[in-house]
Amino acid sequence: MTDQDKASPRLRYRLLTGPDDADFCRRVSEALADGYRLHGSPAMTFDGERVVVAQAVVLADGWAAGITPV
């Protein structure tokens with residue numbers, strides 16, 4: 001996450017996308033460390049050259065305890 005990202009208000013929902021590589025895994029891990037949690041299953045597709053993945057994340061704060069949004 002860049003300094004500019006940290007200075008701006010955090011979005012409650014983010015969809016992380018990119019090639020299925022270590023950098024994508026690192027971005028998901030950074031989001032989790034920053035207070036986001038996984039939302040739903042990851043998606044994968046093949047664009048003819050590489051596997052592209054997506055993972056939705058939502059901020060963990062603000063949800064009522066014991067209620068999982070669908």
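Asp-34 has a relative accessible area of 26%, which makes it partly exposed. The structure discussed here is a predicted model.

**Salt bridges**

With a cut-off of within 4 Å between a side-chain nitrogen of Lys or Arg and a carboxyl oxygen of Asp or Glu, the count of salt bridges comes to three.

| Arg-10 | Asp-34 | 3.5 Å |

Arg-10 is partly exposed, with a relative accessible area of 38%.

Arg-27 is partly exposed at 26% relative accessibility, and Asp-23 is partly exposed at 40%.

In the remaining pair, Arg-50 has a relative accessible area of 43% and is partly exposed.

Strands of a sheet pair through backbone hydrogen bonds, in either a parallel or an antiparallel sense. In this model, three strands form an open sheet in the order 1-3-2, and their pairing is antiparallel. Strand 1 and strand 2 stand at the edges with a single partner strand each, so one side of each has no neighbour in the sheet. From one strand to the next, the twist averages 15°.

Strand 1 pairs with strand 3 over seven bridges in the antiparallel sense; Leu-16, for instance, has Gln-55 in strand 3 as its bridge partner. Strand 2 and strand 3 (residues 51-59) are also antiparallel, and they pair over eight bridges. Thr-45 has Val-52 in strand 3 as its bridge partner, and Tyr-36 stands opposite Leu-59 of strand 3. The hairpin of strand 2 and strand 3 has four residues between the strands, and in this hairpin Gly-48 takes a positive phi near 100°.

How many of the nine residues of strand 3 are buried? Seven of them are buried, so strand 3 is largely enclosed by the rest of the structure.

Helix 2 lies across strand 1, strand 2 and strand 3, and runs at about 160° to strand 1. It consists of 12 residues and reaches 16 Å from its first C-alpha to its last, close to the 16 Å expected at 1.5 Å a residue.

Which residues of helix 2 are buried? They are Phe-24, Val-28 and Ala-31. These residues cover an arc of only 60° around the axis, and therefore lie on the same side of helix 2. Strand 1, strand 2 and strand 3 are among the parts that cover the buried residues of helix 2. On the other side of helix 2, Ala-22 and Ala-33 are exposed.

Conventions: Residues numbered from 1 in each chain as written. Predicted model: local features only at pLDDT ≥ 70, side-chain atom pairs only at ≥ 80, totals over all residues. Heavy atoms only, no water. Buried < 20%, exposed > 50% of the residue type's maximum accessible area, 1.4 Å probe, protein only. Pairing = 2+ DSSP bridges. Helix = DSSP H or I, 4+ residues; strand = E, 2+ residues; numbered from the N terminus. Axes fitted to C-alpha atoms, helices over the stretch in contact; angles between N-to-C directions. Contact = heavy atoms within 4.5 Å. Expected span 1.5 Å × (residues − 1). Arc of directions from axis to C-beta.
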